[in-house]
Amino acid sequence: MTGTPQEVRYKGLGVSEGLVIGQVLRMHHGTQQVYLWRVSDAGLEAELLRFRAAVELASQRVRSIKEYAEERLGRDHAYIFDAHLLMLEDEKLTGDIERKITEEHVNAEWAVKVVGDRLISLYSEIKDEYLRARGSDVEDVMQRLLVSLRGDRSEPRELSEDAVIVARDLLPSEVAELDLKHARAIATDSGGWTSHTSILARGIGIPAVVGLRDFFRRAKTGDRIIVDSSRNEVILHPTQDTLDVYRSEAAKRLKLVRAKYSQEKGPLRTTDGVEIILRANIEVPSEFDGVDEYGARGVGLFRSEFLLAHRGGLVSEDEQRLAYERIAKLAGDEGAVVRLFDLGAGTLRETGANQSQEQEKNPALGLRAIRFGLRNEEIMRTQVRAILLAASKGRLKIVLPMVADASDVSRARVIIKEEATDLKRAGRDFGEVGIGAMIEVPSAVLMAESIARMVDFFELGTNDLVQYTLAVDRGNDAVADWFRTLHPAVLHSIQRSLNAARAAGIPAIVCGEMASTPAYATLLIGLGALELSMTPSAIPRVRRVLAGINSEDAKSIAEECLGCDTADDVESLVRERFTSHWPNLFSPASLPAAREALQNRKLLRLSGPPSK
Ligand code: PEP
Ligand code: MG
C-alpha cells in the first residue's frame, strides 16, 4: 500500500516525564542467535577457558559502562551495574554454566543461554513487580556474555539528532550507553515503572513510554513520532494538525518547567531559616547547561583534569585559559572553583611527565594530585597562569587537591604567587584568585586548624575522605562493603574539618558524592555544613529535602550519630530518626538500606528468586 501513512496512537505507560517530537530510530536489542554444538572430550578444557575469558571480558566491559554511567548519571544510577558485576562474579551461576559445558559436552554459548533462560523464567514468575523486573538484569548479563563469547567489544552508540529510541526492550546497559546529546526519548514494547531502563530514563531525565506491546513491529526508522509520557502514549505519523497542537504544547510545557526551576532558584533555607548554598560539580561540557537550569549557585568544583581526558595529553596554556574563561562565564557572579589537575603518575603518558613513576604499586597513595603538580612544576605553572589570566574575565578560585598538610599548601602558594608576579611584570591582564585546600586525607583532617590559617576556603572531598579514612580503595569492588560513607570515623572527620573552617572564619564546601544524596546531605547540615556542591541534576532533589528540614533536628540526629560505634549503627539510627522526623521527605528507598536487606538482595541477585 502506498500514500500518506495514517496517524496512529499507541497506549503504554509513561515512566519518565516529557513530551518529545522526533524521528524513530529502531534499535534491535542485540539478542544473539545461539546454536548448539557438541564439544569433544579433548575440547572441553579449551571451551571452559573460552568461557572464563568471556566472563573476564564481560566484566571489563560492565566496569567501563559503570564508569561511563557514573560520569553521566552519578553513582545513584550506576549501582545497577554493580549488580551485573556481582552476577558475573557469582560462582553459583558461572559454576552452573561450566557444569553444563562439561557434563553435557555443549558449547559455552548454549550453556549460557540455557542457564540464563532458566533464571530469567524464574524471575518472570515472581509476584513482586520490582523483583520481577530484575529479570532484565539477568538478561543483560547473559547477552553481554554471549557478545563476549563472540569476541565483540561494542562501543557506545552515536545517534542522529532528534532520535526517539524505539525497541522491543532496552537493556539497562544500552540505556546507559546512549548518546544523550541526541537521544530525545525512549519508546519500548515491554518494561514497567521499576525496570532499570525506566529508572535510568528518569535519572537521565529522558522522556519514556514503555509497555507499548507490538509498537516496535510497526515503526520504521525515520518515521515521525510524538512521545507524550503524561498521556501514556506515542503517536506514529502525526498529521500536520496534530504536530501543530503538540508543538505549541511542548513550548508551553518547557516554559512551565523553566518557571518551576526558576522559582526554585531563590535562596534555599531550612524551615528554621538557615541559608544553605548549593553549587555545581562539573567535569564535561554536557553538564554545563545544568548549572543554570538546576539553579546552582556557581560552580563549587570544576574537575579540571577532564580537560585532558579527551586528549589523553596536555592542553596548551591558551586552550586552558579559554576553557576557564568559559567556566567563569557560566558561573557568573557566584564564581567557580577550579581544582588543579588531580592526576596520577601514568595518566599523562605522552607528556613525558614522570614516566618513571608509571608503575607505581599503590597509585592512590602515590604521586597524584598536588604531589604530581609539585613534582611536575611546569605543568602546574602553566595551569596556574591560565587560571590567573582567565580570572581577569570572571570570578575564579583555585583549590589544591589532596593536600596532606600546610607545607603542601605553602609550596603551592609560592608557585601561584610567582606566576602572578611574572604576569604582572609582563604587563598581562590577570585576576586575583582565592586559594583553597581539598580536605580529603586523614592528615589534612588532623591538621585542619593549621591548614585553615593558610587558605581562603576548604573543600571537603568526601569520596576520597571515605577511601583514605577507612583504607578502602574506592574503585575496588572486592572491598565495596567496607566503603561506608556513614562510618562514624568519616562523620567525625567531616565535623572536625567543618569546625576548623568555622573557627578560622573561612567557608567550607562539601563536594563529594555524599552531598548529592538527600539523606546524607541532611546529615551534613547537621554536622555544620552550609555549602554543598554536587552534580547539577541532583540539586532539585537535595533542595526539596533541605527546604523541609529543621537544622536543629538535623544537628541533634548528627550528634547521636557521632556517638555510634559502627556504620551499621549510624545507618539504622538514620533510618529510624529520619522516618520519624520527616516521614514525608524520606521514603525507605531513599534511606540507607539495612545490611540484612542488602545481603538478602545480593543472595537473590546471585541465586535467583526464592522458591515461594
Ligand atoms: C572527592 O574526593 O570527594 C572529590 C570531590 O573529588 P574526586 O571524586 O574527583 O576525587
Ligand atoms: Mg578527591
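## Terms and model

A residue counts as buried under 20% relative accessible area, as exposed over 50%, and as partly exposed in between (1.4 Å probe, protein chains only). By that scale Gly332 is partly exposed, with a relative accessible area of 29%.

This is a predicted model, in which local features need pLDDT of at least 70, side-chain atom pairs count only at pLDDT 80 or more, and totals for chains, interfaces and linings use all residues. Residues are numbered from 1 along each chain as its sequence is written, chains are lettered from A and ligands numbered from 1 in the order in which they are written, and side-chain values use heavy atoms, with hydrogens and water left out.

## Confidence

pLDDT is the predictor's confidence in each residue, from 0 to 100. Its mean over the protein chain is 85. A value of 70 or more is reached by 85% of the residues. Residues 600-612 fall below 50. Beyond near neighbours in sequence, that stretch still has 22 contacts in the model (contact: heavy atoms within 4.5 Å). Where pLDDT is low, the predicted coordinates should not be read in detail.

## Overall build

The protein chain has 25 helices and 17 strands. These are DSSP runs numbered from the N terminus: helices are H or I with at least four residues, strands are E with at least two. Of the 612 residues, 54% are buried. Among contacts with a separation of 6 or more, 69% join residues 24 or more positions apart.

The accessible surface of the protein chain comes to about 28100 Å². Carbon and sulfur atoms hold 50% of that surface. Accessible areas come from the Shrake-Rupley method with a 1.4 Å probe; for residues, only the protein chains shown count as cover.

## Magnesium site

Ligand 2 is a magnesium ion. Its protein donors are Glu440 (OE) and Asp464 (OD), lying 2.1 to 2.2 Å from the ion. The two come from distant parts of the chain, 24 residues apart. Glu440 sits in the loop between β14 (434-439) and α17 (442-446), while Asp464 belongs to helix α19 (residues 462-470). Both Glu440 and Asp464 are buried.

Donors here are N, O and S atoms within 2.8 Å of the metal (3.2 Å for Na, K and Ca). Water is not among the atoms, so sites may look incomplete.

The shell around ligand 1 includes Leu301, Arg303, Arg339, Glu440, Gly461 and Thr462. Asn463, Asp464, Arg474, Cys511 and Gly512 also belong to that shell. A residue is near a molecule if one of its heavy atoms lies within 4 Å of it. Helix α19 gives the largest share of the shell, three residues. Both β11 (299-303) and α19 supply at least two residues each.

Polar contacts are pairs of N or O atoms within 3.5 Å; within protein, one must be able to donate a hydrogen and the other to accept it, and residues adjacent in sequence count only if both atoms are side-chain atoms. A polar side-chain atom of Arg339 lies 2.9 Å from an oxygen atom of ligand 1. For a side-chain N or O atom of Glu440, the distance to a ligand 1 oxygen is 3.1 Å. A polar backbone atom of Thr462 is 3.0 Å from an oxygen atom of ligand 1. The protein covers 94% of the 290 Å² of accessible area that ligand 1 has on its own.

Thr522 is in helix α21 (residues 518-526). Thr522 is buried, with a relative accessible area of 0%. Not counting residues up to four places away in sequence, Thr522 touches Val545, Leu546, Ile549, Ala554, Phe578, Trp582 and Phe586. A polar atom of the Thr522 side chain is 2.8 Å from the backbone oxygen of Pro518. Lys555 is 33 residues from Thr522 in sequence and 9.1 Å away in space, C-alpha to C-alpha.

Ser59 is found in helix α1 (residues 44-73). Ser59 is buried too, at 5% relative accessible area. Its contacts, not counting residues up to four places away in sequence, are Leu85 and Leu88.

## Loop residues

Gly332 is placed in the loop between α13 (317-331) and β12 (336-339). Gly332 and Val299 are 9.1 Å apart in space, C-alpha to C-alpha, and 33 residues apart in sequence.

Asn232 is not a glycine, yet has a positive phi of about 55°. Its loop runs between β7 (224-228) and β8 (233-236). Asn232 is partly exposed, at 28% relative accessible area. Ala471, also not a glycine, has a positive phi of about 55°. Ala471 lies in the loop between α19 and α20 (488-504). Ala471 is exposed, with a relative accessible area of 68%.
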